[in-house]
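Work through the exercises below with the sequence and the model at hand. Each task is followed by a solution in steps.

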Amino acid sequence: MDTLIDLGGGFASALEPLSLAFALLGVLLGTVVGVLPGIGPISAIAILIPVSFGMEPVHGLILLCGIYYGSMYGGSITATLIKTPGEVASAVTAIEGYEMARQGRGKAALATAAIGSFLAGTLAIIGLTFLSPVLVKLANVFGATEYFLLMATALLLASTMSSGSRAKALISIFIGLAVGLVGLDFQTGLPRQTFGLNLLSDGIDFTIFAMALFAIPEAIRNLALGRGAKEEIQSFGEDKWMTKQDWQRSTMPWARGSVLGFIIGILPGVGPSLASFMSYIMEKRISKRKDEFGHGAIEGVAGPEAANNAGVGGAMIPLFSLGIPGSATTALLLFVFTMYGLQPGPLIFRDDSGLIWTIIASMYIGNVALIILNLPLVGVFVKLLKMPKEILFSSILVLVVIGAYAIEFSLFGLMMLGIFGVIGYLMEKGGIPLAPSILALVLVPLLEDNFRRMLQISGGSFMPLLTRPVSLSIIVLMILGIVGPIIFRWWVRRRQLLADVSME
Amino acid sequence: MRSMSPALRGDVITGLAVTLIGVVYYIATFWIQETNNIVTPRTFPAIVGIALIVLGVFLVGQALYRGRKLAEAAPSAADSATGRAVGSGGEDGSASGGASAVVLEAPEDPPSKKVVLQFVLFFVYLAILIPIGFLLSTTAFLMTMTSIYAPHRWIRNLIFSVLFALVVYVAFVYGLAVYLPVGILG
């Protein structure tokens, strides 16, 4: 009951004209930026963080959450119409959605994505509303041991849950940790890893690092590719929206995607991208029309898009109630909170409960705004796809430069931006994923602080990890979380083998 | 090495680079003053340095091992093993390869010379931004970048460069109170 009262209060202030305006603006801005080819939610937020400087915290956060939602939907448009996913989460949409668009069913693909996102997003926020207070209560028994363990789990999962090389994902995490440790040690005040440069004693700014990694390599790569790399934009003048059959085929994938996405989203270190992939794989497995997958199966858009958006809501739960981001994008949001002097976690629900509930309420509003604005306006957004690449990417470079300048007001800050841009480019070229390092950079101060406190309390012993009931439970869950996927993969492969055998 | 696929050769280079970074990072920890806490300020940086070395060496070893195995077996179908995930901006930069149901296309790689040129121009822009000022340096930067890409549309490029710089300047300085450098116009 208390929760509903809190939420009601949140709605009261989220519906104030200015808050409402920022929620709408965020969704719109997010969609516009998300539509731009190659720009996903994380780049959109990184580029737009400077816009929120100097805003009231509540407005800035409402704006950025709206940008997050909007950019995810914008990414689906790009994936569907030009097969350029701005983010990994919409990579599967780029397969099925694009095929649908080629067959003249682009509108149906975008509609099932939008409606699925709305339903799943709203369900996930309902989950967030009621689960966060529970988790906050639980968090009261958490000590340094549990926090350290949760953060270590987040980093470990972020690396094991990735595709390609796990070693490379781990390298990305350690690069993030390495960057995060530069500067004065907060406990002793001693300089670390500054290579004798006084300028480095304040550490490397998180926003500069995020902008450098998520905007510059993509922009430079596209500018250097030059003409000739022109995408074919699928048009949809006379297409139909969803038919009755489309609705029937979408309903269950939406439901399954919502549940799956929400659960995966809550796990620390595992973002919505895994949710959308898992949903795709699941839909393909249980579909009666397996042969349609890869050739425009609507289930392959409906499920993953729902899972993706449910995952966002799920990922907000550990962020809000424990202060532990579940993905790179929520890591960016955590940074924005701290930029405003707020520390998400159990305390924020006590000390700034008005603010946190306003943000949660604004998420409901943002989801509604998304579906009201985006379906009718999709024709306008599509025009953005025709924006010449040289104009788009050179503008992005200018915007991140302004962002970096607005943070440091110095040549040093600008040079850091350029240097990390080069590092980001080289990482991408070497196949090292960028996102885990952002997560690591945000987590390293918390990780180290809790590690120190844990060992200080225990006098240097690691035993509390096993003797404290809560921490032991986390360890058990963590082992299940790591072993689980391996068994799942083994099971899937076995079934595949069996299926192959029975075919012969 | 000779018969190694480009992807594996790339891994060897990446692994060596990571190892080198780890070594430099670890050596740098010797300058951190020791304290008598249980966890000293050096503990974490040292762990990170060693981990980078280990991971770098592991990557090199893995690539060499795979290269040898591939040379023994069929030499084709090698590159798909270490295909990389979709471009940047990824939610988690990772994708569950999971059950081999989804194949992602690796993004096209631009020629290195052009990449270096773009980065050099970008650094020039960063260097002149404060002394020359936002308006002039940004117009020049945008004009250069767009004209390299589309030289024949220079009129459009010029109009865009001037307008974009002006609009952004006004928006940030008057709208958001972020004061951009005025430089020689000041």
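**Exercise 1. A helix of chain B and its cover**

Task: List the buried residues of α3(B), state what covers them, and check the length of the helix.

Solution. Step 1: the buried residues of α3(B) are B:Val115, B:Gln118, B:Phe122, B:Tyr125, B:Leu126 and B:Leu129. A residue is buried if 20 or more other C-beta atoms lie within 10 Å of its own, exposed if 12 or fewer, and partly exposed in between, with C-beta atoms placed from the backbone. Helices (H or I, at least four residues) and strands (E, at least two) are DSSP runs, numbered from the N terminus.

The model is predicted: local features need pLDDT of at least 70, side-chain atom pairs count only at pLDDT 80 or more, and totals for chains, interfaces and linings use all residues. Residues are numbered from 1 along each chain as its sequence is written, while chains are lettered from A and ligands numbered from 1 in the order in which they are written.

Step 1: the cover of these residues includes α10 (216–225), α17 (389–408) and α18 (411–429) of chain A, together with α4 (134–149) of chain B. Contact means that two C-beta atoms, placed from the backbone, lie within 7 Å.

Step 2: helix α3 of chain B (residues 112–132) has 21 residues, so at 1.5 Å a residue it should span 30 Å; the expected span is 1.5 Å times one less than the number of residues. Its end C-alpha atoms are 29 Å apart, which agrees. Just after α3(B), B:Gly133 has a positive phi of about 105°.

**Exercise 2. The nonpolar core**

Task: Which residues have the most contacts inside the largest nonpolar core, and what does A:Val401 touch?

Solution. Step 1: the largest nonpolar core has 203 residues. Such a core is a set of buried Ala, Val, Leu, Ile, Met, Phe, Trp, Tyr and Cys residues joined through C-beta atoms within 7 Å. The residues with the most contacts inside this core are A:Phe174, A:Met211, A:Val400, A:Val401, A:Leu417 and A:Leu439.

Step 1: the core draws at least three residues from each of domain 1 (6–82) and domain 2 (112–185) of chain B. The domain bounds come from an automatic or database domain assignment. The centres of these two domains, taken over C-alpha atoms, are 38 Å apart.

Step 2: leaving aside neighbours within four places in sequence, A:Val401 is in contact with A:Leu414, A:Leu417, B:Tyr125, B:Leu126 and B:Leu129. B:Tyr125, B:Leu126 and B:Leu129 are among the buried residues of α3(B).

**Exercise 3. Chain A as a whole**

Task: What fraction of chain A is buried, and which element has the lowest mean pLDDT?

Solution. Step 1: chain A holds 21 helices and two strands, and 62% of its 504 residues are buried.

Step 1: pLDDT is the predictor's confidence in each residue, from 0 to 100. Among the elements of chain A, helix α21 (residues 469–503) has the lowest mean pLDDT (77) and α18(A) the highest (94).
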